[in-house]
Amino acid sequence: MASGSCMCGDIKYEYTGEPAVTALCHCIDCQKWTGGAYTSNVVVPRTNFKVTSGSPKTWDAKGDSGKVNKHFFCGQCGSSLYTELEVMPDVTCVKAGGLDNGAASLGGKVGVEFYTKDRVSYLHEVSGAKQEPQFG
Ligand SMILES: [Zn+2]
Ligand SMILES: [Zn+2]
């Protein structure tokens, strides 16, 4: 099990079991949403994930697929929390920077990097991570 929260602590969440995959996403939407160079994600079965405190706000972005990528964030402090993609209805993509107790490190393992075509020029590929120019 792992737990996480937003910066102000209003929203708390947790998931059980092992992640299906760990992934970095370098797409422009992830950069805009977080103000960072990429998002780091723990992808977990949606049934294993639950919000335990507070109610996140949501923002629907349209992905390249034309389908909705629902973004969940704290309405009070603005922290980016997780996404649910219409194209992947069975999983939740937890933004790993919100995880507690060092879990943001993804156990030192990145399974895949998405949207490497948009990766900022000062970053290099993570060794051992599958490289995907876009999504899948
Ligand atoms: Zn907050
Ligand atoms: Zn992205």
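Start by selecting S8 and S9: the two make a hairpin, with five residues between them. Strands here are DSSP runs of E, at least two residues long, and helices are runs of H or I of at least four, numbered from the N terminus. You're looking at a predicted model, where local features need pLDDT of at least 70 and side-chain atom pairs count only at 80 or more, while totals for chains, interfaces and linings use all residues. Residues are numbered from 1 along each chain as its sequence is written, and chains are lettered from A and ligands numbered from 1 in the order written.

Now colour S8, residues 80-85. S8 runs antiparallel to S9, joined by two bridges, and Thr83 sits opposite Cys93.

Look for Asn41 opposite Lys95.

Stay on S9, residues 91-95: five of its five residues are buried, meaning 20 or more other C-beta atoms within 10 Å of a residue's own, with C-beta atoms placed from the backbone. Side chains in a regular strand alternate between the two faces of the sheet. Show Val91, Cys93 and Lys95 on one side, then Thr92 and Val94 on the other; both faces are covered.

Finally, zoom out. The protein chain has one helix and 11 strands, in the order β-β-β-α-β-β-β-β-β-β-β-β. Its C-alpha trace spans about 35 × 30 × 30 Å along the principal axes, and 33% of the 136 residues are buried.

Technical notes
Buried ≥ 20, exposed ≤ 12 C-beta atoms within 10 Å, placed from the backbone. Pairing = 2+ DSSP bridges.
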